[in-house]
Amino acid sequence: MKISIIGHGYVGLVSAAVFADLGNTVWCIGRTAEKIANLKKGIMPFYEPGLEEMVNRNFTAGKLNFTLDYQEAISSSELIFICVGTPPQKNGEADLSQVETAAKNIASCLPKYSVVVTKSTVPIGTNKLVQEIINRHKNDNVRFDIASCPEFLREGSALKDTLNPDRIVIGASAPQAVKLLLELHRPINSKTIITSIETAEMIKYAANSLLSVKISFANAISFLCEKTGADVEEVMEGIGSDKRIGRRFLYPGVGYGGSCFPKDVKALISISDKLGYDFQLLKSTEDINQEAVNRFVQKALKLLDNKVEGKKVGVLGLAFKPNTDDMREAPSIKIIKILQELGAEIKAYDPVSMDNATKLMPDIKYASDAYGVAREADILLIITEWNEFKELDLPKIKKLMKKPIILDGRNIYNPVETKKLGFIYQGIGR
Ligand code: UGA
């Protein structure tokens with residue numbers, strides 16, 4: 001099939017690479033000359049395992065093309081995907097300006113019947129808005145349909161998630177749109193849910209919100225575990241073994257971050273406020289998420305006897321989760337900022353997000369590995385659970401540190417064994 005994808009962020013570029021890999025001809029449309037030139041040279045705009053190889057292989061084979069020119073791409077496409085950003089505005093509502101611009105640009109060069117599919121996470125009703133915009137700007141004789149096809153990939157496992165999704169959701173009412181989207185997704189061979197456009201839009205927000213609720217629930221239980229002597233990891237294993245609950249996304253820590261959960265929870269709160277429903281559950285989810293950060297900082301202060309001025313704080317992990325260089329809404333930023341304001345000297349390391357982190361936090365020190373962070377540190381904070389931190393030589397870390405204190409924000413170490421090695425160790429909820 002011939003496909004255009006507007007946007008080359010996580011959703012756009014991953015979808016473009018995967019659809020090309022499945023045998024389609026894909027045009028990926030961007031708006032910055034430099035980024036498009038880089039993509040043509042094989043330079044990715046972000047780190048994602050396996051993506052560079054898949055993009056370059058399909059680009060070389062001529063199945064994946066990059067362009068700034070809508071006309072060139074859209075004129076030959078039967079499916080056009082909108083995969084642009086919908087960042088939050090100050091009031092929590094999603095900013096739809098990039099979606100609106102994409103719709104206008106598509107309209108101005110639609111030559112023949114095509115289906116315009118929104119993959120960006122958008123408020124309920126946005127696809128109808130896209131339809132109105134295209135109708136207003138297109139040539140009178142051209143027919144088109146719209147569809148919503150929300151994306152459920154996670155950063156860090158984006159290719160795997162796209163090739164093996166738990167489900168594919170197709171929100172469309174026009175039979176031709178459903179037919180084309182089913183044909184496109186046929187090789188993926190996954191459960192497919194065909195529904196109305198509004199339902200598809202709601203599924204995306206509901207999914208991200210419920211996952212955020214699960215994380216905040218685990219964090220809230222961890223607060224109680226600390227007061228009662230229970231172990232939150234065992235509690236989560238205990239409840240997660242119940243198939244009705246499930247074990248996934250019940251890992252407590254320093255709270256959820258990234259470009260999706262914080263934004264989408266805020267957006268659904270705002271949508272629901274507008275519809276006259278006070279979504280208390282989601283408001284509490286946000287509060288607990290902030291509390292997870294605050295409590296982590298409080299623990300660090302306590303472990304430093306509340307004397308932070310001049311203390312050397314080592315930070316392991318900066319990205320909002322492992323296997324990505326994405327720093328958007330990363331809990332590390334909030335934690336470092338508070339400790340810095342209290343006078344701590346921060347030295348940090350992350351396996352892949354150092355470039356992005358340095359731009360955001362130029363005033364902290366960086367080390368080239370975990371041992372460099374540990375050297376002379378008064379405390380070591382684990383903020384992102386990269387695999388390489390799970391395999392550290394802890395006796396060596398202990399020797400390097402000024403004081404052997406570990407505050408483990410992701411529960412990657414065994415408390416008993418770590419204490420046996422002579423560390424003062426604290427995790428989350430255990
Ligand atoms: C999330 C969803 O999981 C995807 O399904 C969705 O497609 C994507 O948002 C999106 O809307 O684009 P992502 O933000 O890449 O994906 O990463 P997650 O693995 O969901 O993690 C989000 C945050 O929650 C991270 O900060 C992570 O550390 C935290 N988390 C996750 C926990 O604190 N505990 C958990 O048990 C799971």
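Modeller: **A strand pair and its setting**

In β2, W27 is the bridge partner of S4. This bridge belongs to the pairing of strand β1 with strand β2 (residues 25-29), which run parallel and are joined by 5 bridges; two strands pair if DSSP finds at least two bridges between them. Strands are DSSP runs of E with at least two residues, helices are runs of H or I with at least four, and both are numbered from the N terminus.

The model is predicted: local features need pLDDT of at least 70 and side-chain atom pairs pLDDT 80 or more, whereas totals for chains, interfaces and linings use all residues. Residues are numbered from 1 along each chain as its sequence is written, and side-chain values use heavy atoms, without hydrogens and water.

The protein as a whole contains 18 helices and 14 strands. Of its 430 residues, 55% count as buried. Among contacts with a separation of 6 or more, 73% come from residues 24 or more positions apart, a contact being heavy atoms within 4.5 Å. The C-alpha atoms fill a box of roughly 75 × 50 × 40 Å along the principal axes. The radius of gyration is 23 Å, which agrees with a compact globule because 430 residues would give a value near 22 Å; the radius is taken over C-alpha atoms, and the globule rule is 2.2 Å times the number of residues to the power 0.38.

Conventions
Buried means under 20% relative accessible area, exposed over 50%, partly exposed in between (1.4 Å probe, protein chains only).
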